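This report looks at charged side-chain pairs. Please have the sequence and model in view.

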Amino acid sequence: MSTVTATADRGAQRVPVHGLTVLYDAECTLCTHLRDWLVRQSQLVPLELVPAGSAEARTRFPDLDHSATFDEVTVVGDSGQVYRSTAAWIVVLWALREQRPLAHRLSTPAGARLARGAVLAAARWRGAQWGGGGKVYRREDGWSYDPGIGWIYDPPGCDGGVCATR
């Protein structure tokens, strides 16, 4: 008789997660509040917090759609796994000692609906803070958000004929 482990269906033995990188909007007060909360938590899986769209994020993850990392939370596993939106929140909770049981509950079909509602509520609040009223939100690194069309990257000007790349 063979023994089945709880992780066999999730591929955890095949591609274990030893670290996660959380990309967050450093200009968003909700995002930085959550970043500060995450660093204070006991972590079962180490979390690195990197500003979305930053030079570090672009260097570490050159194939990632960096404009999309501003639209929804994105987490990258140390083996290249990419989690977005609800799945990203759940995997981050899974990495935390005190929150892992909650992450398991949220990974069920009923829990996923609850988690999705929380993610949408956070996105709505975030959008109201800097995207409400049709105003364009601009960052110093060249990214801007227009509520009508989304995120746009317009690199900073070139000084002396030399332009920064990625």
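## Basis

This is a predicted model, in which local features need pLDDT of at least 70, side-chain atom pairs count only at pLDDT 80 or more, and totals for chains, interfaces and linings use all residues. Residues are numbered from 1 along each chain as its sequence is written, and side-chain values use heavy atoms, with hydrogens and water left out.

## Count

Side chains of opposite charge can pair when their charged atoms come close. A salt bridge here is a side-chain nitrogen of Lys or Arg within 4 Å of a carboxyl oxygen of Asp or Glu. The count is three.

## Arg35 and Asp36

Arg35 and Asp36 form a salt bridge, with the closest N and O atoms 2.8 Å apart. Arg35 is partly exposed at 23% relative accessible area (buried is under 20%, exposed over 50%, partly exposed in between; 1.4 Å probe, protein chains only). Asp36 is partly exposed at 32%.

Arg60 pairs with Glu48 in a salt bridge, N to O 3.2 Å. Arg60 lies in helix H2 (residues 55–60) and Glu48 in strand E2 (residues 47–51), so this pair ties together parts 12 residues apart in sequence. Helices (H or I, at least four residues) and strands (E, at least two) are DSSP runs, numbered from the N terminus.

Arg60 also forms a salt bridge with Glu56, the closest N and O atoms being 3.2 Å apart. Arg60 and Glu56 are four residues apart in helix H2, about one helical turn. Shared partners join Glu48, Glu56 and Arg60 into one network of salt bridges. Arg60 is partly exposed at 32% relative accessibility. Glu48 is partly exposed at 42%, and Glu56 is partly exposed at 41%.
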